[in-house]
Amino acid sequence: MEKIFNNTQVAFSLKSDTELERAYFLFKLIASEPLVKIGTAVTNFALKAHLPVESLIRATVFDHFCGGTTEDDCLTVVDKMFTKGVSSVLDYSVEGKEEEAQFDAALQMTLKTIDFAKEKLAIPFAVFKPTGFGRFYLYEKIGEKKPLTSEEQAEWNRVVERFDTVCKAAHDKDVALLIDGEESWMQDAADDLVEQMMEKYNKQKAIVFNTLQMYRWDRLDYLKRLHQRAIEKGFYIGMKIVRGAYMEKENARAEEKGYPTPICPSKQATDENYDAAVDYMMKHIDKMAVFAGTHNEDSSYKLMNLIDKNNISKNDDRVWFGQLYGMSDNISYNLAENGYNVAKYLPFGPVRDVMPYLIRRAEENTSVAGQTSRELNLIKSERERRKLHK
Ligand SMILES: Cc1cc2nc3c(=O)[nH]c(=O)nc-3n(C[C@H](O)[C@H](O)[C@H](O)COP(=O)(O)OP(=O)(O)OC[C@H]3O[C@@H](n4cnc5c(N)ncnc54)[C@H](O)[C@@H]3O)c2cc1C
């Protein structure tokens with residue numbers, strides 16, 4: 001497969017010189033682990049103490065990784081990216097809320113993004129997080145098969161109702177709906193619920209998509225078993241395939257509680273597991289749709305190869321590549337330039353509420369070997385290229 005991800009002219013075609021410099025500065029900052037640790041602590045303290053740091057956050061990490069504070073703010077970015085064939089997934093990234101009114105607000109926001117997606121070609125998917133619709137504790141308790149009190153049962157019924165409301169709306173409006181994956185100790189309950197939704201709303205095609213985190217060594221078997229059930233019950237599988245964002249937390253909890261970690265023994269094992277899942281889905285694409293959420297160039301090339309090998313057209317609706325806004329533009333824009341389906345998650349929400357998301361991004365760019373240096377090298381190449389062509 002021809003190597004396409006080094007074309008920085010395409011990758012940064014939407015970035016002005018100033019924007020390129022800002023991105024360089026930001027990646028330089030977050031490349032430093034101590035700086036990210038101190039920055040995170042100071043920012044959290046400042047927000048709690050109601051110090052006026054929001055404009056500083058906006059001018060740095062927020063504007064780089066988010067589309068705005070509201071869904072309407074994002075539309076300028078959505079339209080701009082779509083001029084280069086890159087689609088958007090509006091991601092309401094408010095996390096860690098625990099109250100019914102907040103779950104209802106997240107439900108309304110998801111319904112709104114489904115409407116946006118219905119109206120706009122540039123927004124092919126809607127998305128939500130299971131813990132956006134219900135308390136983490138409740139998912140955990142159900143996953144452990146512990147009996148619920150009658151209040152908890154009523155509360156869970158409302159969670160199920162919220163899932164059903166958005167999945168039905170997505171189905172009726174023919175908008176694909178991604179459901180994010182979270183920590184393994186709440187995920188069993190979410191998986192069961194999403195499967196019920198697939199069974200109900202994926203009768204004609206994949207509308208509801210669950211997420212498989214392939215840093216978990218048990219996920220390929222899970223996919224195969226789900227496939228069997230889908231054949232028996234006659235529904236399509238929609239799946240976002242990612243490596244997984246909570247590795248440190250997963251390992252720490254397993255160690256603390258004394259159970260075997262659910263995480264693959266090495267990065268290479270995760271990589272092989274990831275590619276095997278994508279391969280499996282592509283082999284059974286007649287009954288599946290795949291959204292490959294990754295910044296890994298190798299996995300992206302492998303999927304391009306599989307598209308070719310399986311004689312599937314590059315813009316087949318059942319195969320999507322996905323990256324996060326603010327990261328790996330070299331993958332997104334070059335894929336789009338070459339005719340593949342690609343969508344970027346575009347997070348939005350009030351600055352203080354998207355902080356957990358932003359901290360994850362900063363930490364990820366610090367800890368993932370090669371990721372930041374790759375971004376920095378690409379920006380440097382593009383700077384050089386522009387200098388030569390001025
Ligand atoms: C569009 C999109 C949607 C996403 N949605 C979700 C989601 O719903 N849920 C979620 O959890 N994450 C999600 N993520 C984040 C994702 O899981 C990864 O954290 C992130 O993309 C980095 O992985 P990578 O495939 O891009 O590539 P790489 O940089 O090649 O891989 C890094 C990843 O490999 C794994 N890894 C690293 N070291 C080891 C090790 N020693 N042993 C085992 N595994 C290791 C970890 O998962 C780490 O994040 C999403 C990412 C994208 C792009």
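Contact here means heavy atoms within 4.5 Å.

1. Basis. This is a predicted model: local features need pLDDT of at least 70, side-chain atom pairs count only at pLDDT 80 or more, and totals for chains, interfaces and linings use all residues. Residues are numbered from 1 along each chain as its sequence is written, and side-chain values use heavy atoms, with hydrogens and water left out.

2. Arg361. This residue lies in helix α15 (residues 355-367); helices are DSSP runs of H or I with at least four residues, strands are runs of E with at least two, and both are numbered from the N terminus. Arg361 is buried, at 5% relative accessible area. Buried means under 20%, exposed over 50%, and partly exposed in between, with a 1.4 Å probe and protein chains only. Apart from neighbours within four places in sequence, Arg361 is in contact with Phe65, Leu324 and Met327. Ala245 is 116 residues away in sequence, yet its C-alpha is 9.5 Å from that of Arg361.

3. The barrel. Eight strands form a closed barrel in the order β1-β2-β3-β4-β5-β6-β7-β8, with parallel pairing. Strands pair if DSSP finds at least two bridges between them. Ignoring direction, neighbouring strands are turned by 30° against each other on average. Helix α5 (residues 75-82) packs on this sheet, touching β1 (87-92) and β8 (342-348), and its direction makes about 155° with that of β1.

4. Around β2. Strand β2 (residues 125-128) is covered on both faces: Phe125 and Val127 are buried on one side, Ala126 and Phe128 on the other. In a regular strand, side chains alternate between the two faces of the sheet. β1 and β2 run parallel, joined by 2 bridges. Leu90 has Ala126 of β2 as its bridge partner. From β1 the chain passes through helix α6 (residues 100-119) to β2, a right-handed β-α-β crossover. Right-handed means that, with the strands pointing away from the viewer, the path from the first strand over the helix to the second runs clockwise. On to strand β3 (residues 176-179), β2 has 4 bridges, again parallel. Here Ala126 is partnered by Leu177.

5. β4 and β5. Strand β4 (residues 208-213) pairs with strand β5 (residues 237-242) in the parallel sense over 5 bridges. Gln213 stands opposite Val242 in β5.

6. Helices α2 and α4. The axes of α2 (residues 17-30) and α4 (residues 54-65) come within 10 Å and cross at roughly 100°. Axes are lines fitted to C-alpha atoms, for helices over the stretch in contact; angles run from 0 to 180 degrees between N-to-C directions.
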